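Please find below a colleague's note on the structure under review. It is arranged as numbered points.

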Amino acid sequence: MDPIVFSLEMGVVCAMLAFTVFLFVSEIVRIDLAAILILVILGILSYIPAMSNLAEVNHLFDGFASNAVISIIAVMIVGAGLDKTGLMNKVAATIMKRGGATEARIQPIVAGTVGVISSFMQNVGAAALFLPVISRISTRSGIPLNRLAMPMGFCAILGGTMTMVGSSPLILLNDLIDTANNSLPDAQRMEAFGLFAVTPIGAVLILSGILYFLLLGRWVLPEGGSASSASVGQGMSAYLKRVYGIRANVYEIDVPANSPLVGQILADVNLENNLYIISTFYRGKTSMVQVLTAEIAAPCRLAIIGKKTVVEAFAKKYGLSIFPELEVFVEEFAATNAGIAEIVIPPESSLIGKTPRELVLRKNYGLSLLAIHRGEETLSHVETEEHKPTAIGLVEFQVGDMLVAHTRWDNLTQLKDNRDFVIITSDFPQEELRPHKVGWALLFFAISISMILFTDIRLSLCLLTGAVGMLLARVISIDEAYQAVGWNTVFLLASLIPLGQAVQNTGTAEWIAQQILTLLDGWPLWALQTGIAILSTAFSLVMSNVGATVLLVPLAVSIAVAAGGDPALFALTVAISTSNSFIIPTHQVNALIMGPAGYKVKDFVKSGGIMTVIFLVVSLVMLNIVF
């Protein structure tokens, strides 16, 4: 190979690379702003005659319309659409039912599920979705949260290697391959990777992550953590007692088929026994909004709010069994789904002078009324510190009444625009779920996947078809779609693409490759591939995996071509290895779980160090087996 002469343009590109790494590592400015700055500098320098090869100024912003960028936008919208239907919550509920109460059983179920989900949506999104799930599992099982969060987070990262849309580097890879092919002879041109081309590699990586924590978790995971909050019911009880003097808790009671309760009216049972039946479970369905004039049908279970001695007396009176903790109602009372709301009746409300029973408050508004706070007095079904129980279902509303109600957050969100109420509670999830749209969401998700699998249509168009279908079916609104897109990721990716092209167009990648090959003269191909994987891993720890991929794929291709290796294999090595981010909490997923689980940096160094080595070994072996 003839030596490549180092030129002024190469020097500028090397300086730009060094400046980019410096900005990313130092974080003097946000990394997305740093990428935009690099784009601007590159464009301005390209107007200097001696540096015209740095970038084509007329195509400087083509990255914003690239296949990779549009694909990432579409993936985010599709993921948000699936989430809007509540489908992900149902998956989480199923895991909780099957997970039991042992760490060894819960860990692989959660980690494996998150890994599969993150193969089709952003891994940080999958991790964020499951963070409240593992928090509830921790509450119910007593397993410390820090024993569950890291396996879940690591497998969310590993899941990004399962498909070509699982992570930004893999989405970007085919575009980078197209660019690299422009400078390669026909015999060495690379084929684009199919959607499931990397699935065997990702599956083994997820399996290795699960086995790692199953076999070594007792030593590598931190000890001494605590379970998540004591329990949903107790939290609500403490709030009601502290603020309104209502002494009550939530109990789950089993009603057999031959119970004398069968046929009795819910409202009458509440009034006669000084308690409140807040939810029912009958024929496999739970209902918080059942009309209080409805009759009790059995066998069923009841969720009852009341004073402990009152509920025990009620159970004894009718020969009922009280469960030691919530079982079928645990999801209904999860803090992420429902809770206590405080609502005021304003002067112009049409509810004034009407009773809760007359308004069918529970069915029409989704409000299970626990108390009415009026002036200095609190009226409630259950006993308070100062007052006897009151049949509040028959109390007429007055101006200024503060209603204390248990409600699902999606019901409360719908009431925000109702002028009959003024919502005081503000710290609740204000997303409106659309479970009735789950069919449409699954249909358009399946259409996208089918187009990717069975047609030659561009990936971005396939994914955008699913996204637009969900928008037209109103699974998700256009405003919600805009909010779902991580525009910082979009600008980071689009702004760095021209820098990667400059590395290739100016011959800088070939020059660096030649220098490395000179230093590593005589090394076998597997050693060069290992070096590329280690370099990619190191870059991913100090800069974004997107930036590392853009910078290193052209270099890897040049090294492979010069050494007689497979350039596509070396390029894929980079795209997979940039997901090897476990040692320090710089990855978005690691940063997400660090606070809630109470992790320290040394915890990531301890657990992530071994995982990094396992990732390198497994990925390199599988890459060479599969390709």
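1. The model is predicted, and local features are reported at pLDDT of at least 70, side-chain atom pairs at pLDDT 80 or more, while totals for chains, interfaces and linings use all residues. Residues are numbered from 1 along each chain as its sequence is written, and side-chain values use heavy atoms, with hydrogens and water left out.

2. Helices (H or I, at least four residues) and strands (E, at least two) are taken as DSSP runs and numbered from the N terminus, and two strands count as paired if DSSP finds at least two bridges between them. Within this sheet, β1 (residues 249–255) and β4 (residues 300–306) are joined in antiparallel fashion over seven bridges. E252 has A303 in β4 as its bridge partner.

3. The peptide bond between A298 and P299 is cis, with omega about 5 degrees, and P299 is placed in the loop between β3 and β4. N274, although not a glycine, has a positive phi of about 55 degrees; this residue lies in the loop between α11 (266–273) and β2 (276–282).

4. Six bridges connect β7 (residues 367–374) with β9 (residues 402–408) in the antiparallel sense, and I372 stands opposite L403 in β9.

5. How many cavities of 30 Å³ or more does a search of the whole structure find? There are two. A cavity is a set of points, on a 1 Å grid over the protein atoms alone, where a 1.4 Å probe fits but cannot get out; lining residues have an atom within 4 Å of a point. Grid points are joined across faces, edges and corners, and a volume is the space filled by probe spheres set on the points.

6. The largest cavity has a volume of about 60 Å³. V75, V78, F120, V165, F445, S448, I449 and L463 line the largest cavity. The elements giving two or more residues to this lining are α3 (67–84) and α16 (438–454), and α16 gives the most, with three residues. By class the lining has seven nonpolar, one polar and no charged residues, where Ala, Val, Leu, Ile, Met, Phe, Trp, Tyr, Cys and Pro count as nonpolar, Asp, Glu, Lys and Arg as charged, and the others, Gly among them, as polar.

7. The second largest cavity holds about 30 Å³ of space. Its lining consists of Q107, P108, A111, P151, I210, F213 and L214, and α5 (103–117) and α9 (199–220) are the elements that give two or more residues to it. The lining residues divide into six nonpolar, one polar and no charged.

8. The axes of α5 and α9 come within 10 Å and cross at roughly 160 degrees. Axes are lines fitted to C-alpha atoms, for helices over the stretch in contact, with angles running from 0 to 180 degrees between N-to-C directions. The two helices α5 and α9 are therefore roughly antiparallel to each other (angles over 145 degrees count as such).

How values were computed:
On a 1 Å grid over the protein atoms alone, a cavity is a set of points where a 1.4 Å probe fits but cannot get out, and a pocket is an open set with protein on both sides within 12 Å along at least five of seven lines; lining residues have an atom within 4 Å of a point. Angles under 35 degrees count as roughly parallel, over 145 as roughly antiparallel, 65 to 115 as roughly perpendicular and the rest as oblique.
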